[in-house]
Structure formats: structure tokens, C-alpha cells
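Student: I have a structure open and would like to go through it with you. Could you help me read it, one topic at a time?
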Amino acid sequence: MNLTPNALCFGDDLPATGAPCRVTLSVDGLRLIPSEGSPLIEESVAFAALSVAAGGLDHDQLVLSWMTGASARTLYLKDPTLIVAFRRMAPPELTAPLERAAEHVRRVRHSHRLFGGSAVGIVVGLGLLLWFGSDLIVEWTVARIPIEWEQKLGEAVYQDALSKETVLKEGPAVSAVQEMTQRLTDKILHNPYKFQVSVVQSPVVNAFALPGGYVVVFTGLMKKAESGEEVAGVLSHELNHVLQRHGLERMVKMLGLAAVVSIVVGDQQGLIGLARELGLNLVTLKFGREQETEADVTGIRLLSAARIAPEGMIGFFERLSEKDKERVELFSTHPMSAARAERLRAELAELPKRSPEPFTFEWKSIQESLAKSELNK
Amino acid sequence: MKSEILYPGAFPMVRVYLADGETVKAESGAMVAASPTIDIESKMEGGFLGALSRKMLSGEKFFFQTLRASRGAGEVLLAPTVPGEIVVMDLDGVNEYMVQKDGFLAGAEGVKIESKMQSLTRGLLGGEGFFILKISGTGQLMLNSFGAIHKIELKPNEEYIVDNSHLVAWTSTTTYNIEKASSGWIASLTSGEGLVCRFRGPGVVYIQSRNPGSFGNWIRQFIPVSE
């Protein structure tokens with residue numbers, strides 16, 4: 001008779017893979033029927049002779065051991081129905097050890113589930129953290145970049161950006177922008193930056209700010225503006241992008257982990273290299289809506305503190321958004337909306353009324369000089 | 001099904017004789033040559049989802065190929081991808097083997113293959129990944145290794161320590177814990193062993209005499225870098 005084996009028997013005289021055998025149960029104990037060709041000898045073992053434990057890779061097998069003559073025998077039962085049957089047939093003396101073994105299995109399974117659950121939890125948690133907390137990570141990273149790095153970084157991009165452009169070195173337009181910058185920066189508390197504002201000859205109606213205090217105003221924007229206050233409004237907005245380190249935040253977001261790592265290990269050259277790699281992308285970098293609002297609000301406060309009429313900023317933005325929607329680049333990077341103007345008006349209403357002080361220059365003559373320098377060219 | 005190992009050593013092949021209608025499952029791409037009576041089918045062991053989970057989770061090839069002697073008896077030659085030995089074992093229906101994902105070469109029709117998730121610590125630190133193959137059933141099972149294959153036989157409660165990247169397969173009656181190779185972390189790392197598995201019998205552990213990861217690191221220095 002050759003029965004399908006349902007257990008493995010181990011012993012010093014048996015193969016290391018175990019001898020397959022058939023285990024049957026009776027009221028007195030178990031009977032071991034070896035498979036054909038097995039070195040195992042058929043035997044009966046009384047329940048009283050057995051000691052029980054849990055074993056196997058996942059601790060889910062029932063391990064029975066006993067002595068046959070001088071040699072130790074260990075039997076591994078894996079079949080769940082056989083294990084259940086054994087527990088039912090076993091006499092009360094074995095109940096306590098069986099219970100202990102079962103408890104052990106439960107504990108192992110529980111800890112596996114716990115581990116599995118916490119592994120899934122950690123993965124999901126990390127995912128959520130990256131999804132929702134990326135802004136926090138960016139903020140944390142940006143806060144760790146020293147101002148000097150930011151300045152070097154901005155300088156590198158600034159040089160690249162303006163290498164092919166005509167930068168106005170002198171003239172009424174340059175002095176006008178310098179006057180605006182001076183009046184604004186005088187009112188910035190705790191200013192760690194040395195702002196460098198350049199006027200670039202270009203028909204593009206735009207202005208942009210780079211990390212480290214590099215601000216560029218295009219002559220196109222100056223020609224479109226109806227007063228110095230309007231340009232000062234844009235300038236104030238851009239200065240505040242720098243002060244809030246918005247450019248740096250966007251950059252860290254774009255460069256991602258590489259930037260974080262080079263900041264953590266203090267690799268300044270690496271960071272600048274990365275920024276260069278981005279190249280002019282940084283110039284056309286779109287700020288997020290939150291960053292725009294922040295720069296608007298702090299910008300208008302700065303204007304008010306510098307006693308520059310803040311209405312110019314709002315009026316200019318609104319006028320440009322209505323008329324030249326397609327051609328004005330300012331709004332590709334600074335999208336204007338009714339809600340944004342509304343927000344600015346609300347902010348303005350809350351600010352203390354200060355009587356504005358006019359600029360020393362005549363705006364009309366600045367614009368004429370710009371037109372003239374273009375003709376000469 | 002009968003089999004014989006040709007050219008034992010580093011570059012072996014298995015010749016499998018199939019009777020009319022018999023099949024053998026093999027790692028996809030393992031077939032080298034076959035009689036014209038043999039048909040090759042791609043079969044997804046455990047159904048599509050089973051195959052998918054095996055692919056996604058254990059990195060094992062998506063399909064096993066099934067070679068069927070549908071037009072009369074014939075023979076098939078099978079070989080693994082990496083240089084190394086092949087071992088043939090007979091499954092008795094009770095023994096179960098845990099096999100790391102690259103270890104499976106071929107199995108008879110009665111051999112059952114499942115992916116199994118390991119516990120977190122074993123998966124993270126064991127070096128075989130979170131998922132391994134659980135192979136049970138009856139019939140011949142062929143495993144392959146990188147380098148020579150070595151069998152360690154463990155008596156009940158006998159212990160043995162194995163560098164985890166040398167593991168090929170082990171029976172499910174053994175248990176193992178992952179430990180540091182030396183008592184301190186620094187010594188563990190500098191000894192080049194890092195983490196090891198402490199196996200406890202009864203059962204059998206198959207190990208490979210070469211470590212694929214270390215070999216990869218070693219050979220990398222000779223690969224020209226293309227710019």
C-alpha cells in the first residue's frame with residue numbers, strides 16, 4: 001500500500017530533506033507509514049511520548065518530536081486539516097503545549113501583518129508626504145541655501161541671460177529706474193541683498209527677477225507705462241519675488257532632489273552648475289499663483305512705505321490685461337486676473353494712507369529719451 | 001519525463017525527454033533546441049493575475065514557456081542565462097522549496113509555482129527581494145545557480161550561516177534569521193559580508209558559489225564608458 005505522503009520525518013539516520021511519510025491519527029497516538037523506498041520504519045507513537053512546537057519558515061508547521069530507541073525523530077506537519085485533526089485528537093496533557101504553539105503562530109502572523117501593514121503605511125505616507133508636503137520640503141531646502149550662494153547662482157544665470165542683450169548703461173531711463181530702486185530698497189527692513197536692476201533694450205513688455213537680487217526691466221515695459229509709479233509698481237513686485245526667494249523655490253522644485261542633495265552636502269559648485277543647466281528657463285520661470293499673490297501684497301506694502309502712489313501698480317496691471325492680452329509677455333509669467341486686482345485693492349484699502357511723494361524725473365522725457373535711443377540704433 | 005544534465009560544470013544544458021503528451025514548464029527563453037514533435041506554448045502559471053504579480057513583484061519573467069510533446073515523444077534542450085550549474089531534484093509532494101527569483105530553470109507538469117511575499121525584515125535585508133518563488137508539487141524540478149551549486153544539509157536544530165546573496169533555494173522546514181556578520185556594524189560592513197542569514201534545520205539549503213551582485217560590480221570596471 002502506497003499512500004500519498006502528508007508529513008516529513010527528520011532524524012540523524014534520515015535524509016536531510018526529510019523522509020516523506022503518511023501520518024494517521026488514532027485515540028492513542030499517531031501512526032507513521034513511510035513512503036515506498038524510504039529508510040524510515042513504520043511505527044506508532046503514543047501521544048504521551050510527543051512534544052509539540054511550531055516551526056518551519058513561517059512558523060506555520062506543527063513540529064512533533066520524540067525518541068525512537070536512541071535516535072531523535074522530528075515530524076513536520078504542514079497540512080492544515082491534519083493539524084486541526086491532531087489538535088482535536090490530542091489528550092489534555094498536550095493541550096497546553098499545543099495552545100502555546102498556536103499562540104506562537106498567531107503572534108508571528110500578527111507581527112507579519114503588522115510589518116506588512118506598516119510597510120504599506122510607510123509607502124503610502126511617503127507618497128502623501130511628497131504629494132502634499134513637497135512645498136514644505138522645498139521651503140525647508142530653500143531656507144538652507146545661504147544668501148551668498150543665491151547671489152552667485154543668480155549672477156551666473158544673469159550673465160547667461162543678458163550676454164546677447166543690449167543693457168543700457170546710462171541715460172535718463174537708467175537713472176529713473178535707479179531712483180525707483182533706491183526709494184524702494186531704502187524701505188526694506190533687514191535687506192540681505194544687493195539689488196542690481198538693469199534696463200534692457202527690448203520691445204518685450206516684461207520684467208523679471210532672478211535669485212540673489214538681479215532684476216531686469218525691458219524698455220518695452222517702460223514705454224508702455226504711463227507714469228514712473230507704474231514701473232515702480234512692477235519693480236516693487238519683482239523685488240519682493242527676490243525677497244521672498246520665490247525664484248529659488250521654483251528652481252529647487254524644478255531641479256528636485258539633485259538640488260536638495262547638493263545643498264545638504266554643501267556642494268555649491270554643483271548647485272550653480274545645475275542652475276546653469278537650466279539656463280534661461282529660469283528667466284521665463286513661471287511663479288505659482290501663491291507666489292504671485294505674495295509678491296503683489298508685499299509689493300504694494302513696499303510701495304506705500306516708499307510713498308510711491310500704489311494705484312499706479314494696479315492701474316497698469318489692469319490696463320495691460322484688458323488691452324494687449326496676447327502681446328504682453330508680462331502676463332504669460334504674471335497672469336492677471338480680476339480676482340488679483342480685487343485682492344490688491346483690498347490690500348490697498350487696509351494700508352495707512354500716506355501722501356505720495358513724486359519722483360524727481362519727468363516721465364514723458366524718459367519715454368522720449370527711450371524712443372530717441374532706439375532711433376539712433 | 002526523464003532528464004539528463006549535459007556538460008556538467010559551468011556551461012551545462014539539460015536534455016529533457018518527454019513522452020507523448022507530456023509537458024515541461026521552463027523559464028522563458030530557456031529552450032535551446034527541441035524535437036519537431038514539441039510545441040512551445042506561453043503559459044501564464046497561476047492565471048494572468050498570478051503571472052502579472054510574479055512579473056511585477058518578484059521580477060521573474062512574465063511567462064513561463066510550456067513545452068508540450070503534442071505530436072509524439074521527443075526531447076528538449078534547456079539552458080539558463082548565466083554560467084553556472086544545474087541541479088535536478090525530485091519533489092515528493094510534501095517538501096516545499098523557496099527559490100530566489102533567478103533560480104528556477106524548469107519543472108515537470110506536476111510542479112506548482114507561486115510567488116510568496118516574505119516578511120518585511122527578510123525582504124528588506126535578505127537580498128532576495130520581497131518576493132520569492134514557492135515551489136511545491138510532484139515531479140522533477142531544475143534549478144540553476146551562478147557558479148557551482150552547493151547543498152547544505154541541516155539536521156534538526158543544526159545551524160549554518162550563509163551570505164544572503166549566495167542563496168539559491170531552501171526547504172520550508174528550515175527557518176532563518178537575518179543577522180549582522182560581525183558583532184559591530186562597522187566590522188560587518190568592512191568585512192565585506194554585511195548581512196548574513198542564519199539557517200536552522202531540519203532541511204536543505206542550496207547555495208551558489210558565486211555572488212551575482214559582486215560579479216556585476218567587478219565586471220563594471222572593464223566596461224568602456226560611452227560618452
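Student: Is Trp131(A) buried or exposed?
Tutor: In this predicted model, Trp131(A) has a relative accessible area of 67%, and because anything over 50% counts as exposed, Trp131(A) is exposed.
Student: Where is Trp131(A) found, and which residues form a nonpolar patch with Trp131(A)?
Tutor: Trp131(A) lies in helix 2 of chain A, which covers residues 92-143, and on the surface Trp131(A) forms a nonpolar patch together with Val120(A), Val124(A), Leu128(A) and Phe132(A), with about 600 Å² of accessible area between them.
Student: OK, new topic: how many salt bridges are there over all chains?
Tutor: Searching the whole structure gives 20 salt bridges, and one of them joins the side chains of Glu99(A) and Arg87(A), at 3.3 Å from N to O. That pair links distant parts of the chain, since Glu99(A) sits in helix 2 of chain A and Arg87(A) in helix 1, 12 residues apart.
Student: Which residues are linked in a network of salt bridges?
Tutor: Asp60(A), Lys78(A), Glu96(B) and Lys134(B) are linked in such a network.
Student: And helix 10 of chain A, what should its 17 residues span?
Tutor: At 1.5 Å a residue, helix 10 of chain A (residues 289-305) should span 24 Å, and the C-alpha atoms at its ends are 24 Å apart, so the two values agree.
Student: What comes just after helix 10 of chain A?
Tutor: Just after helix 10 of chain A comes Arg307(A), which takes a positive phi of about 55°.

Key. Residues are numbered from 1 along each chain as its sequence is written. Chains are lettered from A and ligands numbered from 1 in the order in which they are written. This is a predicted model: local features need pLDDT of at least 70, side-chain atom pairs count only at pLDDT 80 or more; totals for chains, interfaces and linings use all residues. Side-chain values use heavy atoms; hydrogens and water are left out. Helices (H or I, at least four residues) and strands (E, at least two) are DSSP runs, numbered from the N terminus. The expected span of a helix is 1.5 Å times one less than its number of residues. Patches are made of residues with over 30% relative accessible area and no salt bridge: like charges are joined within 9 Å, nonpolar side chains (Val, Leu, Ile, Met, Phe, Trp, Tyr) within 5 Å. Accessible areas come from the Shrake-Rupley method with a 1.4 Å probe; for residues, only the protein chains shown count as cover. A salt bridge is a side-chain nitrogen of Lys or Arg within 4 Å of a carboxyl oxygen of Asp or Glu. Buried means under 20% relative accessible area, exposed over 50%, partly exposed in between (1.4 Å probe, protein chains only).
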